[in-house]
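Please open the model in your viewer and keep the selection tool at hand. The tour moves from one selection to the next, with a short note on what is there.

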Amino acid sequence: MRSRDHFGVFAFLLGAAVLFHQSKLDDWAIPSTGLAVTLGAVWLMLKPTSLPRFFGLLGLHAVTVPLDMPTVVNHWLLLFLAEVGLFVAVGVGRLQARRWTRDAGELYVALAPYLRIQVAIVYGVAALSKLNSDFLDPALSCAVELGGGLLDAGPMSLHAGWMDSFLIWGTIGIEIALPFLLLWRRTRVAAIFIGLAFHLALALAGHLAFSGFAMAYYWLFAPDDASERFERLLAARPRLATLVRGLAAFWSSRIGSILALGAALAGALAFEIGLGEWVSRGMLVLFVLASAGLAWILALCALADRTPVRFAPHPLRLASPVWLLGPLLVVANALSPYVGLKTQSTFTMYSNLQTEGAQWNHAILPESLKRFDLQDDLVTIVASNDPAMQRAAENDRRWVWAALRSWAQRHEDASITYEHDGKRYTAPRAGADERLAMGSVLTRLAFFRDVPPTPGNNCRVTRRAGSEQGS
């Protein structure tokens with residue numbers, strides 16, 4: 001098993017995933033923390049087996065997330081929670097003089113099960129959240145909204161009403177099945193292709209960022225002998241070997257490094273002068289090519305080599321109990337809407353889930369799970385000079401009180417009129433209003449969806465600087 005090679009591929013794909021995320025943003029000015037993360041990703045991709053570069057990128061990312069709280073999207077938060085557990089484990093491992101803290105191959109052996117568990121949890125809670133009355137209703141379901149939109153995206157409409165049930169139950173079925181298919185040895189390779197196809201469809205539907213991270217995470221389930229198979233494949237095809245080695249040599253050369261870092265700076269400059277949409281489109285094309293290339297390489301390695309695919313046993317065995325911290329943080333975050341805390345960035349993934357107020361819609365989990373009332377304190381928006389708030393007023397979308405206070409701190413100069421606890425208030429300048437002053441630390445961390453006025457939670461997208469969150 002060539003664990004160092006596996007680590008290099010994963011680190012490269014993780015760097016690419018960060019770039020796919022950044023290509024959807026419009027707030028990484030020159031200079032900014034976002035640009036630092038982008039350059040860190042490119043720097044890692046130029047030498048993906050470097051542990052200092054790997055930890056450097058994760059450290060940069062871990063610093064930016066608290067600065068962006070509470071409006072941090074699902075995949076960005078998932079990486080942050082993984083980083084918290086990883087850095088704690090590395091600290092403990094250094095104290096115990098563990099070899100995996102200083103060797104890339106050994107780190108991959110310890111890291112892969114840790115991240116596999118988190119991927120399985122995310123798919124599981126995403127499927128669980130979709131078992132609600134509104135996701136199962138074709139008139140409201142996000143599966144119909146997104147899948148039907150993709151089918152209608154071409155020159156002619158391919159979406160028909162009879163497809164709606166297949167879109168709904170197919171989405172649930174895929175999200176339930178993928179963790180088991182990825183973990184079962186006999187179906188693992190096939191599951192990678194199914195997952196890549198699923199996320200390719202999501203990327204084409206406009207949700208590129210999370211799909212980029214999924215491609216990196218899927219590599220964690222690749223055969224342990226994939227690098228050896230690839231070497232045998234190149235040995236049998238001299239022309240392909242010459243091409244691959246030539247591209248690798250150019251990428252790692254000084255000229256390749258200058259071009260890669262220059263392209264990242266050019267992307268940042270494009271956003272500065274209003275050409276960010278072209279960057280996003282270009283990154284979508286790169287994602288399609290990258291996912292197709294990864295599938296092609298895995299297919300050749302699996303099919304062209306007649307020897308049985310080899311996997312290490314115990315794919316979920318953690319190196320030590322300290323590695324449990326990351327999965328526990330992911331579970332705690334996923335439970336938030338059901339216990340009455342935040343409702344956004346909880347891995348519900350376009351689920352139509354609603355738990356606010358008296359509008360609980362989950363078909364299996366009971367409302368008695370609620371232990372907090374943070375999401376039940378609702379505000380009606382009457383008018384505002386902020387476009388997002390004015391849309392909420394026009395569409396009768398209520399806001400959670402904690403979310404409104406968080407918004408006020410990020411839009412200090414905006415004016416707003418709202419109704420809270422049966423009274424109407426007007427704040428000519430939101431940042432100067434005492435009632436809207438930021439509350440507890442929990443308020444700072446919590447991210448909420450807007451709330452429809454009546455039962456019936458239709459599919460919608462909450463946007464933050466081009467990133468997307470589904471409800």
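The stops below cover a pair of helices, a sheet and a second pair of helices.

This is a predicted model, in which local features need pLDDT of at least 70 and side-chain atom pairs count only at pLDDT 80 or more, while totals for chains, interfaces and linings use all residues. Residues are numbered from 1 along each chain as its sequence is written, and side-chain values use heavy atoms, with hydrogens and water left out.

**First stop: α1 and α3**

Select residues 3-22, helix α1, together with residues 51-68, helix α3, whose axes come within 11 Å and cross at roughly 30 degrees. Helices (H or I, at least four residues) and strands (E, at least two) are DSSP runs, numbered from the N terminus. Axes are lines fitted to C-alpha atoms, for helices over the stretch in contact, and angles run from 0 to 180 degrees between N-to-C directions. That crossing angle makes α1 roughly parallel to α3 (under 35 degrees counts as roughly parallel, over 145 as roughly antiparallel, 65 to 115 as roughly perpendicular and the rest as oblique).

Now show the side chains of F7, F10, A11, L14, G15 and V18 in α1, which meet L51, F54, L57 and L58 in α3; contact here means heavy atoms within 4.5 Å.

**Second stop: the sheet**

Next, select the four strands of an open sheet, which follow the order β2-β1-β3-β4 with antiparallel pairing (two strands pair if DSSP finds at least two bridges between them). At the edges stand β2 (398-400) and β4 (423-427), each with a single partner strand, so one side of each has no neighbour in the sheet.

Strand β1, residues 378-384, is joined to β2 by three bridges, and L378 stands opposite V400 in β2. If you then select D421, you are in the hairpin of β3 and β4, which has two residues between the strands, and D421 takes a positive phi near 55 degrees.

**Last stop: α11 and α12**

Finally, select residues 238-252, helix α11, and residues 254-272, helix α12, whose axes come within 4 Å and cross at roughly 70 degrees. The two helices α11 and α12 are therefore roughly perpendicular to each other. Where they meet, F250, W251 and S252 in α11 are in contact with residues of α12 including R254, I255 and L259.
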